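Please open the model in your viewer and keep a selection panel at hand.

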Amino acid sequence: MRIVGIVLAALISYPAVADAVEQTKGTFQDKFRQLEADLPTPNVYRTASGAPGHQYWQQEVDYKIKVALDENSRKVTGNEAVSYTNNSPDTLNYIWLQLDQNRFAKHADSYSTMDMGTEASKRLNYATMHYIARAEIFEGGFQLTKVQSGGKDLHYAIVDTMMRIDLPTPLKAGETFNFNIDWWFNIPEAKVMNARGGYETYDRDGNDVYFIAQWFPRLAAYTDLAGWEHKQFLGTGEFTLEFGDYDVEITVPADHIVGSTGELQNPKDVLTKEQRERFEKAKTADHPVFVVTAEEAMANEKERAEGNKTWRYSAKNVRDFAFASSRKFVWDAWGVKLPDSGRTVMAMSYYPEEAMPLWDKYSTQAIAHTLDTYSRYSFEYPYPVAISVNGPIGGGMEYPMITSNGPRPEIVKKDDGSEQRTYTKRAKYGLISVVIHEIGHTYFPMVVNTDERNWAWMDEGINSFLQSRAEREWEVNYPARRAVPGGVIPYMTSPDQVPIMTQSDSIIGYGPNAYTKPAVALNILRETVMGPELFDFAFHEYGKRWKFRRPYPADFFRTMEDASAKDLDWFFRGWFYTTDHVDIALTGITHARINTEDPEVENPIKRAEDTDANRYIGEMRVQKELAQHRVDKYPELLDFYNENDDFIVTEKQKRAYADKIKGLKDWEKELLKDGHELYFLDFENIGGLVMPLVLDVEYEDGTHEEVRIAAEIWRHDAKHVTKLLVKDKKIKSVVLDPNHEIADADESNNAWPAKPKMTRVELFKSTEPHNLMKEVLDGEEMIKKDTESSKDGGN
């Protein structure tokens, strides 16, 4: 730090001339350029405020489906009656359906376009090779046996994972088209085929657990912004669908338990009297209740029942439908009262006995926690049930009201035949987190109906943000790092990245891009940029506006601004449209005081500065070692300049100061007398993202002050800014981003004075060179001992 004197005029700032969008001169970067030029033009369907317009519309599709699960052939056979209502103002000559199971057909683009990477010829993952080998022999994909309307065949064309049905007559606005499809497909082994639904076989009894998803031809979305949403399903970008009502009959082996989207309509046909009584008890219990116990599930495993049962489920106003089925299922349930309305939602978990003691302890509790927290963070859970299934999918996957989730305990067989069951810390918190995340997806995107195939962040990122908030309410120091700013730094500083606003199938680093970075961005937006109260109001407004509707990115961006009166274009542009990162350096601090221009005050200060500036080791040694200078020996050599230095106060200086004071107003005189400490803090934006400056200022008296400076300080210069702090006491130190809240990639340049970087040095020994001869001789000795041991055993 250096102390300087300044004149008052230097404190006056002048507004810079505004730059045009196209900067042809200079190096100015407009980080605050408005997004409106890049967003879709508002209209009667979507307003400039981010709300649905007064003529907003969306299509409606209702399904009546009968489906049978054949566990011997591992095949699903079904028929559906579809009612498609055209609520758009357009006349449609054809409609598009999604055939997601075609991803597993040999001709599928998802398989033929799979990039193995540059290192695959040298090193290949076992799981990848297993998938490739299975894909070569698996007969996957939909087999359609009937496509009709009114008993007449419809002309259709299949394009990979999409199917176009040509309508017999144009479908005008407000009209409904009814048609029927029959189909079947072979069920993929979920973990091997990296499927979002399928089966898993258990070693103990050879029984399967089925999670059947993306299992019927479903209408693609037709929207005001994009027309038909019919990008091919390549395995990553998921889907966007239309809302409607479902009536589904599911025929499975008689000893299977079925969990499904919707509410069970025929419990007397499929559950025992005791199971129905347990379910009723669970509605008002203060903890989860077993509907199907572990003992009952294990009894089911031992012998396959003959015949089938049909479970009938009904679901209202959902955009998709999935179900799980197995004779292995333990089933627990708990009636959870929602925080606002007090309405009861049945939180339920289905899992094999092998999932205990982990699942029975945490799964349904995690569902209940999600319903409580998300309903407060966004909007009340709208459906009657919320289900977590320990399904065959490796991680987690969500559908309306039902999810498939992964972790299980580790089971070790002992020599005496008994079992030891344990679970890791990672499995425990992994289960809690994945249940929160997947149940959270019922809110986003199953109710707020975003387009996952194009904008993964709108469901994964927003949901991961809410998940992080729910995890913080589970326990103190919950071990989750996905949405913590520091967790995204390696990705944001990597050259191998793309902006968040990248179509899902083209994303590099899907996890950090679609989940972590947007979750971190929203946490920063809430905690640092907007503040919790303002953010929460705007986010609630977004949920209220768009539940059971289809928002696009512009609707989210505009709503957050509209409901907060905050210009957030700089934030959304930087975090979502660029690959810049945060690295802001505190490059220096200048300590100053007001120059009073009074020679009686300023000249002594100048004398002290001059003495300090001219201090030199040679002069200091002479003064210390020399007994007598020449002028001491010959005093006649002394004159006026020995008695008066350059900083004496002259009469001319006094009169000049007096004349200046006469011309000042009283408030100007007061400023000259001001005794405040002035600190000029210099910052450099190295990473590119402009961000608020959060400072911890420590004073010499030991007190601290938090100083928050809005990001708009960068609006005239996105590379360098200087902030003036006017204080009545001296500053000892300043730390930028003391609580690690802005994802600053390099905190070594965040402190003044600079702090030493601490590390731990690991001592090691050099490894011995490889001795091939010794290795061979040792091997021969091992063989010799094994042979002798074998002979001794034979005797």
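A residue is called buried under 20% relative accessible area, exposed over 50%, and partly exposed in between (1.4 Å probe, protein chains only). The model is predicted, so local features need pLDDT of at least 70 and side-chain atom pairs count only at pLDDT 80 or more, while totals for chains, interfaces and linings use all residues. Residues are numbered from 1 along each chain as its sequence is written, and side-chain values use heavy atoms, with hydrogens and water left out. Helices (H or I, at least four residues) and strands (E, at least two) are DSSP runs, numbered from the N terminus.

**Stop one: positive phi angles**

Select Ala 743, in the loop between strand E33 (731-736) and E34. Although Ala 743 is not a glycine, its phi is positive, at about 60 degrees. Ala 743 counts as buried because its relative accessibility is 4%.

Next, select Asn 317, which belongs to strand E19 (residues 308-318). Asn 317 is not a glycine either, yet it has a positive phi of about 55 degrees. With 33% relative accessibility, Asn 317 counts as partly exposed.

**Stop two: cis peptide bonds**

Select Phe 444 and Pro 445: the peptide bond from the former to the latter is cis, with omega near 20 degrees. Pro 445 sits in the loop that runs between helix H8 (425-440) and helix H9 (460-472).

Move on to Trp 752 and Pro 753, which are also joined by a cis peptide bond, with omega about -10 degrees. Pro 753 is located in the loop between strand E34 (751-752) and helix H21 (772-794).

**Stop three: a sheet and its helices**

Two strands pair if DSSP finds at least two bridges between them. Select the open sheet of six strands, whose order is E18-E21-E22-E23-E25-E24, with mixed pairing. Its edge strands, each pairing on one side only, are strand E18 (289-292) and strand E24 (396-399). From one strand to the next, the twist averages 20 degrees; axes are lines fitted to C-alpha atoms, for helices over the stretch in contact, and angles run from 0 to 180 degrees between N-to-C directions.

Within this sheet, how many bridges join strand E22 (residues 344-352) to strand E23 (residues 385-389)? There are five, and the two strands run parallel. Ser 349 has Ser 388 in E23 as its bridge partner.

Finally, select helix H6 (residues 294-302), which lies across E18 and E21 and runs at about 20 degrees to E18.

Technical notes
Contact means heavy atoms within 4.5 Å.
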